[in-house]
Amino acid sequence: MMWRLLTLAAGAAAMSTDLWLEKRVSDAELERRLLAVSDPQSPTYGQYYTRDEIADLVGHSPEEVAAMSAWLEVEGLPHTVSATRDRIEVHSERFLRIEDLPASFKGVGRVVRRLPAPPSSAPFRKTPSSPNAGGISSVQVRKAYGVPETELGSGVTQLVWGPGTYGVLKSDVEEYWSVYGVKDASPDRIIFEGYAQGQRGGDNFGEASLDADIISGMAPGAKMIVSNTNDSHAPEEGPGFGAAQASFLNDLLSKSEGVSVVSLSLGSLTYTSCDLLCKGASKVDKSIDYEACLDHIQNKERQVCMFANDFVIAQANVEFMKLGLAGITVVAAAGDGGMHYSFVPFDESVLGRALNKVACGGSFPTFPASSPYVTSVG
């Protein structure tokens, strides 16, 4: 039985546990099928899979999942089974240990991961400031690319996502439209999901506002879903991000809104890149401890290493392939935080200097833009 325990939360915060189940198809076979529906030369090009077909391909049988659900119900553990029957989220503060699970779970469970549940406090609001009318607007970009004025993106549903303070105010987006002359856009086509009104003043709130402004300006006739599925601090600033993203992606096929495009502007260095940074830093200066370095860049630096391990990246890639099989396009920002580190150089401490030397000696791409199953933009 392959289980891994990931992302322990501190303190007495309310928790949820993800039970990731072994998929019934190999990554290679999943990729083969994705390429077949994506290649214009393939006889199955464009023959995308339904949600139920994907569930039958990767998920466990309804009977197997029902047996697991029955045990959880007896234990008094409320839970949700994903639409593709490959993940069960348990909504409880109880710490589920591997040895707590019955024999019926053996051979089907892959990962147990604990996530902080979102806080219940109301979002903070301030009066929006007037946007700076400088720079290149989305209207100008449309003209530069020769997008016909009649092409408004009607019939398309684009979803943007982020955790933490990620969210927008419709009044902010409407002000952007007014300043930059965006026509044919409507606040009625902006839909909030989860905690997507966000918290003004947070870093991810600004990220979401930019996402919403530009997308609505480029495709004013499209429907836009602004989604925030976890507004706790861990996934905004640190290694809780990867776990939150994997869960969000897994839930996407449960949606009934007919999402056409998923836009992901947030990202960070991969776990592999962070591992290489700290291994390199410990070689530059023998006094640097590898584990202390990894703890520093994951938990003390802002948004540098937001993927706690290789698993959350591997699982995200599986989810991207599943979305591709369903005909959903995923685009990701290629340069969020730069290709060496996040936003600014590391400090002038012994560790910071060593990290700067290693980082500037190579290229460290960000994820999810570096995934082979998304379209990297930027």
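How many of the 10 residues of helix 12 (residues 350-359) are buried?

## Helix 12

Seven of the 10 residues of helix 12 are buried, so this helix is largely enclosed by the rest of the structure. The model is a predicted one. The buried residues of helix 12 are Leu351, Gly352, Ala354, Leu355, Asn356, Val358 and Ala359. Helix 9 and helix 10 are among the elements that cover these buried residues.

## Disulfides

A disulfide is a covalent bond between the sulfur atoms of two cysteines. How many disulfides does the count come to? The count comes to two disulfides. With the bonded cysteines counted along the chain, the pattern is 1-4, 2-3.

Cys274 lies in helix 9 (residues 271-284), and Cys305 lies in the loop between helix 10 (290-299) and helix 11, so the pair ties together parts that are 31 residues apart in sequence. Cys274 is buried, with a relative accessible area of 0%. Cys305 is also buried, at a relative accessible area of 1%.

The other disulfide is formed by Cys278 and Cys293, whose sulfur atoms are 2.2 Å apart. The link of Cys278 and Cys293 is left-handed, with -80 degrees about the S-S bond. Cys278 lies in helix 9 and Cys293 in helix 10, so this pair ties together parts that are 15 residues apart in sequence.

## Packing of helix 1 and helix 11

Two packed helices are described by the angle between their axes and the distance between the axes. For helix 1 (residues 27-38) and helix 11 (residues 310-325), the angle is about 30 degrees and the axes are 9 Å apart. The crossing of helix 1 and helix 11 is left-handed.

Which residues make the contact of helix 1 with helix 11? From helix 1 come Asp27, Leu30, Glu31, Arg33, Leu34 and Val37. In helix 11 they meet Val318, Met321, Lys322, Gly324 and Leu325. By class, this contact of helix 1 with helix 11 has six nonpolar, one polar and four charged residues. An α-helix has 3.6 residues a turn, so residues three or four places apart point the same way.

## Packing of helix 5 and helix 6

Helix 5 (residues 170-180) and helix 6 (residues 203-218) pack at an angle of about 45 degrees, with 10 Å between their axes. This angle makes helix 5 oblique to helix 6. Is the crossing of helix 5 and helix 6 left-handed or right-handed? The crossing of helix 5 and helix 6 is right-handed.

In helix 5, the residues in contact are Asp172, Val173, Tyr176 and Trp177. Their partners in helix 6 are Phe205, Ala212, Asp213, Ile214 and Ser216. By class, the contact of helix 5 with helix 6 has six nonpolar, one polar and two charged residues.

## Backbone details

Where is the cis peptide bond? The peptide bond from Phe367 to Pro368 is cis, with omega near 15 degrees. Pro368 lies in the loop between strand 12 (366-367) and strand 13 (375-377).

Asp184 has a positive phi, near 70 degrees, in a residue other than glycine. The position of Asp184 is in the loop between helix 5 and strand 7 (190-194).

Gln303 likewise has a positive phi, near 55 degrees, and is a residue other than glycine. Gln303 is found in the loop between helix 10 and helix 11; Cys305, which is bonded to Cys274, lies in this loop as well. At 5% relative accessibility, Gln303 counts as buried, because the cut-off for buried is under 20%.

Definitions and conventions
Residues are numbered from 1 along each chain as its sequence is written. This is a predicted model: local features need pLDDT of at least 70, side-chain atom pairs count only at pLDDT 80 or more; totals for chains, interfaces and linings use all residues. Side-chain values use heavy atoms; hydrogens and water are left out. Axes are lines fitted to C-alpha atoms, for helices over the stretch in contact, and angles run from 0 to 180 degrees between N-to-C directions. Helices (H or I, at least four residues) and strands (E, at least two) are DSSP runs, numbered from the N terminus. A crossing is left-handed if the near helix is turned anticlockwise from the far one by less than a right angle, and right-handed if clockwise. Contact means heavy atoms within 4.5 Å. Ala, Val, Leu, Ile, Met, Phe, Trp, Tyr, Cys and Pro count as nonpolar, Asp, Glu, Lys and Arg as charged, and the others, Gly among them, as polar. A disulfide is a pair of cysteine sulfur atoms within 2.5 Å. Buried means under 20% relative accessible area, exposed over 50%, partly exposed in between (1.4 Å probe, protein chains only). Angles under 35 degrees count as roughly parallel, over 145 as roughly antiparallel, 65 to 115 as roughly perpendicular and the rest as oblique.
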